[in-house]
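Here's a quick look at some side-chain and helix packing. Have the structure open while you read.

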Amino acid sequence: MSDDLATTEETVSTEGEYKMSATADIKEVGPCKKHVTVSVPRSDIEHFYSESVSELGDQATVPGFRVGHVPKKLIEKRFRQELNDQVKQRVLMESLELIAEDNDLDPINEPTIDVESLEIPEDGEFTFEFEVEVRPDFKLPEYKGLSLERPVREIGDKDIEEYLNRFLGQYGEMEERKGAAEKEDYLELSIKFEHDGKPLSEIAELVVPLRPILRLRDAEIKDFGEVMADVKAGDTRETELEVSAEADQIEMRGEKVKATFTVKTVKFIQPPEINEELLERIGAESEEELREEIKNILERQVTYEQRQSTRTQVLEKITESADWDLPETLVSKQVENALRREILEMQQAGFSRQDIQARENELRQQAISSTRQALKEHFVLDKIATTENLMVDPSEIDMEIYYMAMQQGESPRRVRARMVKSGMIENLEAQLRERKAVDVILEKAEYKETEMKKPEENKVSAIARSVCSSFAGSAAEAEEEEAAEEEGEE
C-alpha cells in the first residue's frame, strides 16, 4: 500500500463519521436466503489502512524510538501482517453493517464467511461473497378484534385432593409388590429392540410407571399397558412398534421394531403421612397452606390451558396467510429452541417433570413439522411485538425465574445459573416478548366462554431414550442432571 494513502479524500456522514462507498449485489437463492456479493472500492481500503497505521503508530513500541514517534514506513514494514489483518476485519465489519442498513437486510444468523481465506488485493477493489438467512418479508395480518373461545373451569376440593395424592407420591417410600403389577406401579425393567431380526439398541435399566402408553423420543409403544398388564418380577413380554416419521435416523423412519421387556422388580409407592416433619421438608407451615399452594398451582395450570387454547386459535388465525417457506437448515437449528420454549412454559405453569418429559417426547416425534410452524408463529409475533413497541424488562425475567424456582423447590439463583449455562435465558426473554404480543391480541379480542374439559388421567410414561439409539438425554433431563451437580457442589 502506497505512502500517500493518508491523503485519500474521505466521504463523511452527517454525524461526522466516515461512510463507506461499498456496494452489494443481492440475489435470492432460496427461502429466506440471500447471496450477497460485496464490492469495496480502493478508497475505503486506503482509508482504513491509513487509520490503522496512525493508531498503531501511537501505540507501537520499537527500540530506538519513543512511543508515538515511530516513522510510518517502519510501522508499515514491521507490522505488515497485523495491519493487513486489522484492515481486513474493519473493512468486513463496516461493509457488512453498511450493506445491512442500506439494503434493509434483517439476518437471522451470522453470514457464512470464511474470513481466513479472504485476502485484500494490493491494488483495485476488494470483492467478497457470502450467503445469509434473513427474516421472511410478509404483510402483517389483521390481529385486532379477533373472535375467540375461552375455556373456563373452577378448581374444586376433589381436584386439590387428586393433585395432593400425586404430589405426595414424590415423598413416599418405594415398596416391592409381591403379586402382579397394578396400575401406576413402578416397573424396573430392561428393553431390547430388534429390527429385521437383528439387534438395534438396548436399554439395560429403566424404571417407569405402568400406564397405557410408553413414549420414547422417537416412538410410542401404544399398547404398553396391555402388554405389561399383571406382570411379575422375572416375566418377559414382547410387542411391536413403529419408529416416528421424523426420527433423527432417517433410514429408520416408519420402520417396524420388535421390543422385548424383561421385568426385574415391581414396586409401588407408599404415600407418606402429612405431619410436621413432612410439611417442614416441603416448606409449608400447615396442611391448609399446602392445599392453598396446590390450588394456586392448579389455577396456574388452568391459566396455562386457557392461554394455550386461545393462543392456538390466535396463531391459527394470524398464520393463515403465512404461506412462505423456511430453509430446512434454519428449521433444523431451531428444533431445540422450540422444545426449550415449550418446556419453559410448562415449568412456569408448575407441571411435573414426567408431564414435561412426555410433552417433550411428543414434540420430538414431530420435531420438523412442529418447529416449522413454531418458527412462522415466532416471526409473526415478533413483527407484532416490534409494531407495538413491546420490550421485556429485566425485572419481568426475574419474576418468572422466581416462580419457576418456587415450583421446583430451588433457589432463584440456582435456576438462573442453570438457565444461563444451558442458553435457556435467551429463550425465556424471547418467550416473554412473544407472550406480550399474544396478550395485545387477547386484550383486543372478543370472547365466548366455553366449559374446559377436565384434564384426563395421565396415560403416558415418558423416558429420555430413543429406540434407534441407547443415548439418553433431553432438555428436561439435562436440567435435572445440572441441578444434581450443583447440589453436590454446595
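## Where two helices meet

On the α7 side, Arg 307, Thr 310, Arg 311, Val 314 and Ile 318 touch Glu 434, Arg 435, Val 438, Asp 439, Ile 441 and Leu 442 of α13, where contact means heavy atoms within 4.5 Å. The residues of this contact split into five nonpolar, one polar and five charged. Here Ala, Val, Leu, Ile, Met, Phe, Trp, Tyr, Cys and Pro count as nonpolar, Asp, Glu, Lys and Arg as charged, and the others, Gly among them, as polar.

Helix α7 covers residues 287-318 and helix α13 residues 424-443; they pack at about 85°, with axes 11 Å apart. That makes α7 and α13 roughly perpendicular (65 to 115 degrees). Axes are lines fitted to C-alpha atoms over the stretch in contact, and angles run from 0 to 180 degrees between N-to-C directions. Helices are DSSP runs (H or I, at least four residues), numbered from the N terminus.

## Aromatic rings

There are four aromatic pairs, counting Phe, Tyr and Trp (its six-membered ring) with ring centres within 6.5 Å. Phe 128 and Phe 130 are stacked (planes under 30 degrees apart), with centres 6.2 Å apart and planes at 25°. Both Phe 128 and Phe 130 are buried, meaning under 20% relative accessible area with a 1.4 Å probe, protein chains only. Phe 126, Phe 128 and Phe 130 form one aromatic cluster.

## Cysteines

The whole structure has zero disulfides (cysteine sulfur atoms within 2.5 Å). Cys 32 is buried at 12% relative accessible area, and Cys 468 is buried at 9%.

## About the model

This is a predicted model: local features need pLDDT of at least 70, side-chain atom pairs count only at pLDDT 80 or more, and totals for chains, interfaces and linings use all residues. Residues are numbered from 1 along each chain as its sequence is written, and side-chain values use heavy atoms, leaving out hydrogens and water.

Key
Angles under 35 degrees count as roughly parallel, over 145 as roughly antiparallel, 65 to 115 as roughly perpendicular and the rest as oblique. Buried means under 20% relative accessible area, exposed over 50%, partly exposed in between (1.4 Å probe, protein chains only). Rings of Phe, Tyr and Trp (its six-membered ring) pair if their centres lie within 6.5 Å; planes under 30 degrees apart count as stacked, over 60 as edge-to-face and the rest as tilted.
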